[in-house]
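Subject: Handover of a structure and findings

Dear colleague,

Please find below the structure that I am handing over to you.

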Amino acid sequence: MAWAHHVQSLRGMSNLLPRVVGDIMTREVVTLYEEDNLERIEEGMKRYRFRHLPVMDDGKLVGLITHRDVLRAQASSLETGGAQKTKWISESVFVRDIMQQNVTTATAEMSLSDAGELMLKGKLGCLPVVDDKGGLCGIITEADFVKLAVRLLGAV
């Protein structure tokens with residue numbers, strides 16, 4: 001549902017050229033808590049096509065979980081009993097155990113070129129967007145940049 005909202009907000013943008021992160025970021029973001037276990041997280045990521053989920057504690061961003069982090073935590077389906085091991089891991093491993101804690105972030109006022117450069121240099125798939133108190137305002141992803149490129153190329 002947040003995905004559909006994001007697509008609508010991008011289509012509804014005015015003809016002004018986006019310049020800052022706040023112009024194209026997704027504002028409605030699904031988040032996790034450190035004490036959540038991994039059960040159903042991969043399923044939700046697949047269903048809603050999310051690859052990055054910010055982790056919150058007391059209203060502040062404290063980490064990030066990517067689809068790759070979740071896959072790394074699972075047992076291989078090729079090993080004996082892999083499915084049972086993955087079920088056990090999903091129930092007993094928590095977000096805090098696998099989340100990335102040192103998360104590179106952006107602000108809504110950051111220029112799109114600076115955000116894009118940060119993502120390219122750091123090989124990052126997203127930047128959570130935070131306010132000056134560490135609260136989450138949104139997220140900007142590679143997909144947001146691709147959508148912007150398609151929109152701009154269509155205007156040529």
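The model is a predicted one, in which local features need pLDDT of at least 70, side-chain atom pairs count only at pLDDT 80 or more, and totals for chains, interfaces and linings use all residues. Residues are numbered from 1 along each chain as its sequence is written, and side-chain values use heavy atoms, with hydrogens and water left out.

Helix α3

Helices (H or I, at least four residues) and strands (E, at least two) are DSSP runs, numbered from the N terminus. Helix α3 spans residues 41-48. Its buried residues are I41, E42, G44 and M45, where buried means under 20% relative accessible area, exposed over 50%, and partly exposed in between (1.4 Å probe, protein chains only). These residues cover an arc of only 160 degrees around the axis, which puts them on the same side of α3; the arc is that of the directions from the helix axis to the C-beta atoms. On the other side of α3, K46 and R47 are exposed.

What do the buried residues of α3 pack against? They pack against the strands β1, β2 and β3 (60-66), and against the helices α4 and α6 (95-98). Contact here means heavy atoms within 4.5 Å.

Salt bridges

A salt bridge is counted when a side-chain nitrogen of Lys or Arg lies within 4 Å of a carboxyl oxygen of Asp or Glu.

E42 is buried, with a relative accessible area of 16%, whereas K46 is exposed at 57%.

R47 and E43 form a salt bridge at 3.0 Å, N to O. Both lie in helix α3, four residues apart, or about one turn of the helix. R47 is exposed at 53% relative accessibility, and E43 is partly exposed at 44%.

Helix α4 (residues 67-73) holds both R72 and D69, three residues apart, about one turn of the helix. Their side chains meet in a salt bridge at 2.7 Å, N to O.

Positive phi angles

Most residues other than glycine have a negative phi. Against that background, two residues deserve a mention.

R40 is not a glycine, yet has a positive phi of about 75 degrees. R40 sits in the loop between β1 (32-33) and α3, and at 61% relative accessibility R40 counts as exposed.

R49 likewise has a positive phi, of about 60 degrees, although R49 is not a glycine. Where is R49 found? R49 is in the loop between α3 and β2 (52-57), and R49 follows α3. At 61% relative accessibility, R49 counts as exposed.

Yours sincerely
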